[in-house]
Amino acid sequence: MARLAVLTCLVCAVLAAPALALSNGLARTPPMGWNPWYRFGCGVTEGLVRQTADAMVRSGMRAAGYRYVNLDDCWMARTRSRYGTLRADPKRFPHGIPALAAYVHRRGLKLGIYAAAGSMTCAHFPGSRGHLYHDAHTFAAWHIDYVKLDGCFTSPREKGPYAYGRMRAALRSTRRPIVFSVSAWGFNRPWLWAASRAHLWRTTRDIRPGWASAMRVADANQALASYAHPGAWNDPDIMQVGNPGLSPTEGRSVMGLWSIMAAPLLAGNDLRHMSWVTRSILTNPEVIAVDQDRAGVQGRRFQSAGGRELWIRRLANGDRAIVLLNRTAGRATLTADARAIGLRPAGTYFVRNLWSHRLTTTAGPIAVVLPAHGSAMLRVHAG
């Protein structure tokens, strides 16, 4: 009883702590990794996660900066232990989460895990309501590096700063460096309050397979650019590059938009069997360098007319990254002017195409011919 009283006092002290800014040095650039939900759903297994970790090393994704191998819903057993502790499903994760974490860590990667703030997860597994502190310390004991807290089966209060602040405090009390992701799907406008509680926050409802959903998510996310900064990121959800529903052309456009928006780059495809084209999109070093730019300034849409768009992002060294995006159903010529995207006046501008890796010069005008749903991603600086 004395031990229980001490634990209760510690919990009260942690939850009563003020919501200090989450300046713990993590996620100074957008997190990069993998999440299985949209490709595998509840079919995730220990074997799949181990094979994916191996594939991240073998494919060059780890070398490109992808670090987090994240579990999503359905990893857990249907009930907690007699002590109230979450457990991995014994059939799909026979060796348990600590062993899986050790396997992932030995490959130079990090393991993420999923929980829900309400009474149940979205797939009706045990939620963390009433167990936030206990679950946070369980995750830390398992050497987890990333926690996504979902918003299913929650009250309006639990989708807001109250519940996520409690989990933030619980995670801080473990003293383990853990990236914290708010997944409240844009409810209660997390961009207004989540930066002091988490490293990233979902800005919209779930993404769906296909071009239309990717554009819906990008439209909503780009409008929130002013709220992102190093250590705190708008999250437009998991990329669908390489999944059915997006062509390679559309996949390049999505990768470019997520990068210019300084979004977390979480691949959502089957990394074990991806094509060369998908791998080249996900591991393009020049595109990733824009996403990971240390200034942490989120780009946004600068011009839009008839489905032809110009997106701009200011980079740390003064360069501008731009995406020319053709959202129309046909071939189109898109133009921009290097003298009008925020660069200093110059007689010559250098234009680097980040997909073709070709460097050209211009006195100002830039023109590209793009297929339907195609894009050009350029890095421009004054000569």
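Modeller: What follows goes through the sheets, then the helices, then a few single residues.

Colleague: What should I know about where the values come from?
Modeller: This is a predicted model, in which local features need pLDDT of at least 70 and side-chain atom pairs count only at pLDDT 80 or more, while totals for chains, interfaces and linings use all residues. Residues are numbered from 1 along each chain as its sequence is written, and side-chain values use heavy atoms, with hydrogens and water left out.

Colleague: OK, in what order do the eight strands of the parallel sheet come?
Modeller: The order is β7-β6-β5-β4-β3-β2-β1-β8, in an open sheet with parallel pairing. Two strands count as paired if DSSP finds at least two bridges between them, and the strands (E, at least two residues) and helices (H or I, at least four) are DSSP runs, numbered from the N terminus.

Colleague: Which strands stand at the edges there?
Modeller: Those are β7 (233-235) and β8 (265-267), and because each has a single partner strand, one side of each is left without a neighbour in the sheet. Neighbouring strands of this sheet are turned by 25 degrees against each other on average, direction ignored.

Colleague: And how many bridges hold β2 and β3 together?
Modeller: Three bridges pair β2 (residues 68-70) with β3 (residues 110-116) in the parallel sense, and Y68 stands opposite K110 in β3.

Colleague: What about β5, how many of its residues are buried?
Modeller: Five of the five residues of β5 (residues 179-183) are buried, so the strand is largely enclosed by the rest of the structure. Buried here means under 20% relative accessible area, with exposed over 50% and partly exposed in between, using a 1.4 Å probe and protein chains only. Both faces are covered, with V179, S181 and S183 on one side and F180 and V182 on the other. Strand β4 (residues 146-150) pairs with β5 in the parallel sense over five bridges, and D150 has S183 as its bridge partner in β5.

Colleague: Moving on, what does the six-stranded sheet look like?
Modeller: That open sheet has the order β9-β10-β11-β16-β13-β14, with antiparallel pairing. At its edges stand β9 (300-305) and β14 (358-362), each with a single partner strand, so one side of each is left without a neighbour in the sheet.

Colleague: Which residue in β11 partners W311?
Modeller: The bridge partner of W311 in β11 is V323, and seven bridges join β10 (residues 308-314) to β11 (residues 320-326), which run antiparallel. Helix α8 (residues 211-222) packs on the sheet, touching β9, β10 and β11, and its direction makes about 120 degrees with that of β9. For such angles, axes are lines fitted to C-alpha atoms, for helices over the stretch in contact, and the values run from 0 to 180 degrees between N-to-C directions. Helix α9 (residues 248-260) lies across β10, β11 and β16 (375-382), running at about 145 degrees to β11.

Colleague: How do α8 and α9 pack on each other?
Modeller: They pack at an angle of about 10 degrees, with their axes 11 Å apart, and are therefore roughly parallel to each other, a label given to angles under 35 degrees, whereas over 145 counts as roughly antiparallel, 65 to 115 as roughly perpendicular and the rest as oblique. In α8, W211, A214, M215, V217 and A218 meet E250, S253, V254, L257 and W258 in α9.

Colleague: Is A214 buried or exposed?
Modeller: A214 is buried, with a relative accessible area of 3%, and its place is in helix α8. Leaving aside its neighbours within four places in sequence, A214 is in contact (heavy atoms within 4.5 Å) with I207, V254 and W258.

Colleague: And T278, where does that residue sit?
Modeller: T278 has its place in helix α10 (residues 276-282) and counts as buried at 10% relative accessibility. Its contacts, neighbours within four places in sequence set aside, are V241, G242 and N269.

Colleague: Last one: how many residues of α6 are buried?
Modeller: Seven of the 10 residues of α6 (residues 132-141) are buried, which leaves the helix mostly covered; among them are L132, Y133 and F139. The helix is followed by H143, whose phi is positive, near 65 degrees.
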